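Here is a short report on one protein chain. Keep the structure in view as you read.

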Amino acid sequence: MISKLDGVEGLVLEQRTPIRVLHRRAPLNRQKTIVSVKARLLSKSEVDICTKSDEKLTALLLNRLFVADVVSEAGTYIKEFVHGDFNRTVPSVGTIIGT
């Protein structure tokens, strides 16, 4: 899953103005480039910190939480790249990793 995201380079996004900023930005379509993405799963100790050492929650979330370092063109809406903004940003992290 994460291997599909790790190492992505030169990815061109089609981004419509995000819903969260439509009240102050023109409704445009923009092409933005993701220069690179480096992604990795969190280690068990990092997940422990996130779950405050709750063993059941740690076991549930281990191999599901990851960190992604994204380098992009100026003006790219990164939050929308992550969640897709109801398919207003294509591709998104979800479409890349297949969720």
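**A proline in a loop**

Where is proline 27 found? Proline 27 sits in the loop between strand 1 and strand 2. Helices (H or I, at least four residues) and strands (E, at least two) are DSSP runs, numbered from the N terminus. Proline 27 is exposed, with a relative accessible area of 68%. Buried means under 20% relative accessible area, exposed over 50%, and partly exposed in between (1.4 Å probe, protein chains only).

Leaving out residues up to four places away in sequence, proline 27 touches Thr17 and Leu22. Contact means heavy atoms within 4.5 Å. Valine 71 is 44 residues from proline 27 in sequence and 24 Å away in space, C-alpha to C-alpha.

**About the model**

This is a predicted model, where local features need pLDDT of at least 70, side-chain atom pairs count only at pLDDT 80 or more, and totals for chains, interfaces and linings use all residues. Residues are numbered from 1 along each chain as its sequence is written, and side-chain values use heavy atoms, with hydrogens and water left out.

Four strands form an open sheet in the order 3-2-1-4, with antiparallel pairing. Strand 3 (66-72) and strand 4 (89-90) are the edge strands, and each pairs on one side only. Two strands pair if DSSP finds at least two bridges between them. Strand 1 and strand 2 run antiparallel and are joined by seven bridges. Leucine 13 stands opposite lysine 32 in strand 2.

Nonpolar side chains tend to be buried together in soluble globular proteins. The largest nonpolar core here has 12 residues, including Leu13, Ala39 and Phe81. Helix 1 (2-5), strand 1 (9-16), strand 2 (29-41) and helix 5 (93-97) each supply at least two residues of this core. A nonpolar core is a set of buried Ala, Val, Leu, Ile, Met, Phe, Trp, Tyr and Cys residues joined through side-chain atoms within 4.5 Å.

**Salt bridges**

How many salt bridges are there? The count comes to four. A salt bridge is a side-chain nitrogen of Lys or Arg within 4 Å of a carboxyl oxygen of Asp or Glu. Glutamate 46 meets arginine 40 in one (3.0 Å, N to O). Aspartate 48 pairs with lysine 44, with the closest N and O atoms 3.4 Å apart. Both lie in helix 2 (residues 44-50), four residues apart, about one turn of the helix.

Aspartate 85 and arginine 88 also meet in a salt bridge (3.5 Å, N to O). Both aspartate 85 and arginine 88 are buried.
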